[in-house]
Amino acid sequence: MLTVGVKGALWLAFISVAAALGQERIISTSSHGAELQLAGGSVGKGQILVSSNDYWGVIRAAGDLVIDFGRVTGTNYTLSNGEKAAAPAAYTYKPVNNMNNTHYSTTGTANFTGPAYANPSPGNVVIIAGTIGRSTVIDKLISSKSIDVSAIKGKWESFTSQVVKNPVPGCSKALVIAGSDPRGTIYGIYDISEQIGVSPWYFWADSPPKKSKNLYVTEKKKVQGPPSVKYRGFFLNDEQPALTNWVATRWQDTPYGAGYGPAFYSLIFEVLLRLRANYLWPTLWASMFMVDDPGNQPLADAYEIVVGTSHTEPLMRAQNEFGHFYEGPWAYNLNNKTIDDYFRYGVQRAKPYARNSLWTVGMRGTGDTAIEGLGVDHIVEMLQILVKNQRQIMAEGLNATDITTVPQTWCLYKEVMSYLFAGLQVPDDVTLLWADDNWGNVRRLPLLNETQRHGGAGVYYHFDYVGGPRNYKWINTIQLTKTAEQMHMAYARGTDRIWVVNVGDMKSLEIPISHFFDMAYDAKRWHVDSTFEWAQAWAEREFGPEQAKDIADVMMKYGMYAARRKYELIEPHVYSVINYNEADAVLQQWAELVAKAQGIYDKLPAETKAAFFETVLHPAMAGEIVQKIQIGGARNMFYAGQRRNTANKVIQEVLAQSSADANLTRYWDALLDGKWKHMMDQTHLGYDGYWQQPMRNALPPVQYVQTDFAAVAGEIGIGVEGSNATVKGDDRWHPNSANDLSVPPIDPYGPATRYFDIFSRGTKDCTWNASPFQPWVKLSQSTGTVGPNLPDQRVLISIDWKSVPNGFSDTVKINITTPCEGMDRYGFSEPHVLVPVRARSAPSSFKKGFVESDGYVAFAGEHYSSLIKPAQSTADNKMVTYHTFAHYGRTGSGVGLIPLNTEKLTVDTAPALEYDLYLFTNTTAANVTLYLSPALNYLGEYTPLEYAISLYPAGGSPTSVKNVRPVGATVGGNMPAGWDGAVADGVWGRTGNYTTSSFAVPAEGAYKLRIWALMPGIVVQKVVVNLGGVRPSYLGPPESFFVGGDKVSGRNGTSFLNDADVVGGVGKRALLE
């Protein structure tokens, strides 16, 4: 069950966090309360002691710690196994013959050599590290009762760090790290590395070490582990062009492709271990992990990395192996003998490394596709036979008397999940690896009757994807809070065996990878509400405490802005350039984000600038450029349609942004003497409706306006908010020969201003004058000049409400004149801007709530008036309530049910959110749309996502309660109807009518809107009540006026930036005092 209400306690824990992210800190640069000095003073060149009989991976990690002390203190420590003139530890293996990949053979023996040993120097020993039952020195300390390992013995990946007096002869005191197993010891070693100031990302993100002369151990004993999730790893996938091009320029090609060999994978294995992960699905597209280099799989075993294979690569064979080395179709019903031999070879090749293997079973079609040519019933029957045979092959090949002791997983990816629902029986000991929808929304989680399976459950998640509705594989677009909400919901339902995430090229995803692994390692510490706290801790570890809070703010805002819509899906049509000032507001957010990130960068020490650029500044700058290009494309087409001269200026701005995009890539390529050249090779501009990557970056369509002659309707044009139309003149957006354009209505509860634009459509400078027909209609300027080389001018319209007659409801004209009339005076009359003014007010009896304006009411889900307790109290709903997920969704937050493992409720057993509204428009169809996070039917099609909703007059009770199931059924590998729009938009509700319900509003008055979320996963970001006035936009109309918090004279309301509690907005309003 989710733990809530612990933020205060966690903040107290956070103040002691610096280098060790979220774990107990025992290293300090201060001697206060010190138990042992590790560096500085009389320590000199310290020594780390291991046992020669320990695991090679433990000894290797201890060698890293030796180097890490050098990185931090300037003095490399030494490593000893207690023996004089000892040769380095060696991991011996028999390389597979990768020239014959159908008949298993080896080519002699080979070794991986560990770090060099120094002669013993007991007086300099400061750290002793080893594995229980494997390390002689640790076992002696246990038998002499010098250390207590009772808290970790026999547990998975756990360790204890203890200061011990006289641990070995000649050493007066040392820090002893004892691991329950090899990775437990390795994590204990890297825990010290991280705490002394070496980031896990020192290579991959160029995070510099924190220099210190003096280091002390401040606690006598620390116990850590076991992890929350057993297997925690990532999938290197979609690795072309960027990662493959980078690898190809650094290492020699293998016989089969780019140089994905031990030199590359050693860097991957190390960062996984430093991040307290343990599991890898290797690269897939144009590589074969076990074949490319015979050292790859033994190196993983030596490092203590658990190797698996992806959902489309059963029994330790890479996807490309079958097509390269075998005859016949990849179809078990047609070619089972060959395929069984293929599996046998995979088992035989991996057998020496079985201790660090997690076997993927099952089968999909060729090249990451569904099995073709068979009906579902036949596929299910075939897969039952296939997996039975696979398990028999494993049992025989591994000499396993009990196949249930061999770790196995079946990834229920895409269409495979539907086979389970069609009757596929999975052996109880096989882990069910549920998958998300490739867009960060879990498709299915364990039901109550599935939580006791011996094999347990896991989740395959995505930070990168190639497929519909579009690829997203360029740079980081992950919202950490969304990941936290989804993965904690998964964890709450028992998916604690495997968490594996697709990370594409890995580079640029350092932040979400770290977050994912930290949650998987310690889900209690990094709970669902801890994301900002985590971001601040991460920023402090990487860049120091001085600007950590500001960096975390940039990280969180970036994640929201980038996740609103993946860069590959942003096109000119997305953000409105005419309604709700939406495009301008989006650009303002990005500009402020980049300015803040740049300001932080400028203040950082020189040694941290590269890391900050790679992980924080570059994504912000690159993201802003994409927004400017696409919104510029929209603005150009809008201006060209109005025949503005400035349409051509916008083309130049778009071209300049294209150059900025290219220059940013050039800067990246040159960074650190070209260390990361090619990592930004991925195309990201020019998607044109097809899901696959464009072969070259391209700009959106633009239109050039011929400016040699004036428009036939005159030198000056006028456009208004909310319309593409122009006057004087004719166009398809307003009636022919009409010369009046209306701005949207204005009333005391709506935006403070409306606007009209005046612009040049001619060849000379022209003055203009604007005169409202009522003195209480105010203009930001009443005269001005526009011309071919002068900017367009925007005039803001406001109302002096104190001077408006009570009850006024009419249209006020604004007359616009210019002396620049030519031949147009014969065919076109003087233009007017029309301003519908409605001086109306809610009665004084309406004390608190949202008020209709402009034909709608809109508000954030978290801004409810009250929580309504369930009509029926049961044992199951006693702890159920609503929770606000902060820094979440498209603009600010979302509200949904907790605990996250709550079973489905009914209208009678669920609590409800209640909102108070005042509506002026009576209609038979007030359409209420909820913007819901794009969740799926994670409890299966028979228990679909569901909420209930009712809109009714205040003072009454909900009479018309409508139950809504927004997510339809999954058919085979297809997603539910509307899914592509939901994941592209970041919400259910923008595209289609999946979350829209209609209610009658018989009369003006106070109303209540009540929403019952019937299960977690229904997360309400925004609610829009459309009474006929909602205009097209991406984020929906701005939040409505709130009686009890807003004031008519002090509210702007012109864009979503003015909404209460919006992330990156211009201020807050007190809604729920």
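Ala 85 is found in the loop between β4 (78-80) and β5 (90-93); helices (H or I, at least four residues) and strands (E, at least two) are DSSP runs, numbered from the N terminus. Phi of Ala 85 is near 50°, a positive value in a residue other than glycine. With a relative accessibility of 71%, Ala 85 counts as exposed, where exposed means over 50% relative accessible area, buried under 20%, and partly exposed in between (1.4 Å probe, protein chains only).

This is a predicted model, in which local features need pLDDT of at least 70 and side-chain atom pairs count only at pLDDT 80 or more, while totals for chains, interfaces and linings use all residues. Residues are numbered from 1 along each chain as its sequence is written, and side-chain values use heavy atoms, with hydrogens and water left out.

**Overall architecture**

- The chain contains 20 helices and 41 strands.
- The C-alpha trace spans about 105 × 65 × 60 Å along its principal axes.
- Of the 1073 residues in the chain, 62% are buried.
- Among contacts with a separation of 6 or more, 76% are between residues 24 or more positions apart; contact means heavy atoms within 4.5 Å.

**Surface and charge**

- The accessible surface of the chain is about 38500 Å², and carbon and sulfur atoms contribute 50% of that area. Accessible areas come from the Shrake-Rupley method with a 1.4 Å probe, and for residues only the protein chains shown count as cover.
- The chain carries 94 positive and 101 negative charges, whose mean positions are 4 Å apart. Lys and Arg count as positive and Asp and Glu as negative, whereas His and the chain ends are not counted; each charge is placed at NZ of Lys, CZ of Arg, CG of Asp or CD of Glu.

**Cysteines**

- The count comes to 1 disulfide, defined as a pair of cysteine sulfur atoms within 2.5 Å.
- This disulfide joins Cys 766 to Cys 820, with an S to S distance of 2.3 Å. The pair links distant parts of the chain, 54 residues apart: Cys 766 is in strand β23 (residues 766-772), and Cys 820 is in the loop between β27 (809-817) and β28 (832-838).
- The link of Cys 766 and Cys 820 is left-handed, with -105° about the S-S bond.
- Cys 766 is buried at 1% relative accessibility, and Cys 820 is buried at 14%.
- Two further cysteines also count as buried: Cys 171 at 4% relative accessibility and Cys 411 at 3%.

**Buried threonines**

- Thr 615 lies in helix α18 (residues 606-641) and is buried, at 6% relative accessibility. Leaving aside neighbours within four places in sequence, Thr 615 is in contact with Ala 205, Glu 510, Ile 511, Trp 538 and Phe 543. The C-alpha atoms of Thr 615 and Asp 206 are separated by 9.7 Å, although these residues are 409 residues apart along the chain.
- Thr 970 is found in the loop between β37 (962-964) and α20 and counts as buried at 19% relative accessibility. Beyond four places in sequence, Thr 970 is in contact with Arg 443, Glu 941 and Pro 976.
- Thr 995 occupies the loop between α20 (979-985) and β38 (996-1001) and is buried, at 1% relative accessibility. Residues touched by Thr 995, not counting those up to four places away in sequence, include Val 928, Tyr 947, Pro 966 and Trp 988.

**Prolines and backbone geometry**

- Pro 1038 is found in the loop between β40 (1020-1026) and β41 (1041-1043) and is buried, with a relative accessible area of 2%. Among the residues that Pro 1038 touches, not counting those up to four places away in sequence, are Tyr 580, Tyr 856, Lys 1022 and Phe 1056.
- Most residues other than glycine have a negative phi, and most peptide bonds are trans.
- A cis peptide bond joins Gln 240 and Pro 241, with omega about 10°; Pro 241 is in the loop between β12 (231-236) and α5 (242-250).
- The peptide bond from Gly 468 to Pro 469 is cis, with omega near 0°; Pro 469 is in the loop between β18 (457-462) and α13 (480-492).
- His 887, in strand β32 (residues 881-888), has a positive phi of about 50° although it is not a glycine. His 887 is partly exposed, with a relative accessible area of 26%.
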